[in-house]
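Dear colleague,

I am passing on the structure we spoke about, with the sequence and the coordinates shown just below. After them I set out what was found, part by part, so that you can follow along in the viewer.

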Amino acid sequence: MIPFAGNPLNRASEKRTDSNWIESKRRDPSSLVLPMWRLEPFLLGPEKSEPPIELGLVRPGIADSLADADAPCIFLGLDDDTAVFALDVSASGDPANVGPLAGLGYFRDARMAGSMVSMKDAAIIAQAKAMIDWHRRHGFCPGCGAPTKVMDAGYRRLCAKCNAEHFPRVDPVVIMLATDGEACLVGRGKQFPPGMFSALAGFVEPGETIEEAVRRELMEEASVKVGEVTYYATQPWPFPSSLMIGCFAKAESRDAKVDENELAEVRWIERRVARELIKGKELDGLRVPPPIAIAHHLIKTWALGEK
Ligand SMILES: [Zn+2]
């Protein structure tokens, strides 16, 4: 299982437009609310607890005083019959220290939190983070510039002036491991920590298929020509709202030349080296991303000969 995937909630999308039902669930004492402060999810317990940490779901009303009246409150879905919401409490000062949540837990960066909670809770964080992030960036209509308002339990924004509707978007990104026999290609982004190498990646462009994006990115970033492209898996990546589309690509040769505008370095690594790196080891000055990233799973699947 890949982190941020496997959301356990029934999104019950047919309920989003039923404002009476949504409002009653917002007040129902059996419902749950995930406070999100400046895009960080709330986690329960003392900060030094051992993972898995419990997601900070609280009863309705508890966190309401921390949010502005028009703050997005997203209906995430149903856990059996329990409605689960995410509430943006960014208007407040640090609510882990003062107010109704003080002493119950703490807020943590979504990426870090995703590796501290259970896989199911990580997927709920991905949904909540991407949705609230979208609201924070879409307060104004891109068509006419007027303010927009939250509709449909958070799944639509409506421009009050020109009536344009705006929906949460997901940006597709291809992330691919080029392979040639017993070697695979990894690259180091300019902003990566020293020694960190990962699978190459890039946004899918308008008018492009996934396979075309994989071929274009490998050619642009590493001058590597590839033949067959095969799908591996996808991962919701809420930074801010991407869908990582993991692929394997068969390289036609090991000729590679880094595009220094895009990457610091590319390297072919042998399968036996990759097998050590996925254990979290550093070898030949090289490391690969931890299991929170789909790149880790791409490299691992190939290194273990499952692809
Ligand atoms: Zn407008």
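To begin with one of the sheets: it is an open sheet of three strands, ordered S6-S7-S8, and its pairing is antiparallel. Strand S6 (148-151) and strand S8 (165-166) are at the edges with a single partner strand each, so one side of each has no neighbour in the sheet. Between strand S7 (residues 156-159) and S8, which run antiparallel, there are two bridges, and if you look at Arg-157 you will find that its bridge partner in S8 is His-166. Please keep in mind throughout that this is a predicted model.

Domains

The domain assignment divides the protein into domain 1 (13-135), domain 2 (138-169) and domain 3 (171-303). The centres of domain 1 and domain 3, taken over C-alpha atoms, are separated by 33 Å, and the contact between these two domains takes nine residues from domain 1 and six residues from domain 3. On the side of domain 1 that touches domain 3, the elements giving two or more residues are helix H2 (110-114) and helix H3 (119-137), and H3 supplies the largest share, five residues.

A second open sheet has five strands in the order S3-S4-S1-S2-S5, and here the pairing is mixed. Its edge strands are S3 and strand S5 (105-107), each of which pairs on one side only, while neighbouring strands of this sheet are turned against each other by 30° on average, with direction ignored. S3 and S4 run antiparallel and are joined by six bridges; within this pair, Ile-74 has Ala-86 of S4 as its bridge partner.

Helix H4 and its surroundings

Helix H4 (residues 210-222) has 13 residues and reaches 18 Å from its first C-alpha to its last, which is close to the 18 Å expected at 1.5 Å a residue. Which residues of H4 are buried? They are Ala-213, Val-214, Arg-215, Glu-217, Leu-218, Glu-221 and Ala-222, so please note, when you inspect the helix, that Arg-215, Glu-217 and Glu-221 are among the buried residues. The buried residues of H4 pack against strand S9 (171-180), strand S10 (183-189), strand S11 (200-203), S12, S13 and strand S14 (263-270). H4 is followed by Ser-223, whose phi is positive, near 55°.

Leu-277

Leu-277 is found in helix H5 (residues 271-277), and it counts as buried because 22 other C-beta atoms lie within 10 Å, where 20 or more are needed. Leaving aside residues up to four places away in sequence, Leu-277 touches Leu-283, Leu-286, Arg-287 and Val-288. As a distance to check in the viewer, the C-alpha atoms of Leu-277 and Ala-178, which are 99 residues apart along the chain, are separated by 17 Å.

Backbone details

Two cis peptide bonds deserve a look. One joins Pro-51 and Pro-52, with omega about 0°, and Pro-52 is found in the loop between strand S2 (40-44) and strand S3 (73-79). Another is the peptide bond from Phe-239 to Pro-240, with omega near 0°, and Pro-240 lies in the loop between strand S12 (226-237) and strand S13 (242-251).

Positive phi values also occur in residues other than glycine, including Phe-4, with phi near 80°, and Asp-80, with phi near 55°. Are these two residues buried or exposed? Phe-4, in the segment before helix H1 (19-27), counts as buried because it has 27 C-beta neighbours inside 10 Å. Asp-80, in the loop between S3 and strand S4 (82-88), is exposed, because there are 7 other C-beta atoms within 10 Å and the limit for an exposed residue is 12 or fewer.

With best wishes

Key: Residues are numbered from 1 along each chain as its sequence is written. This is a predicted model: local features need pLDDT of at least 70, side-chain atom pairs count only at pLDDT 80 or more; totals for chains, interfaces and linings use all residues. Helices (H or I, at least four residues) and strands (E, at least two) are DSSP runs, numbered from the N terminus. The expected span of a helix is 1.5 Å times one less than its number of residues. Two residues are in contact if their C-beta atoms, placed from the backbone, lie within 7 Å. Domain bounds come from an automatic or database domain assignment. Two strands pair if DSSP finds at least two bridges between them. Axes are lines fitted to C-alpha atoms, for helices over the stretch in contact, and angles run from 0 to 180 degrees between N-to-C directions.
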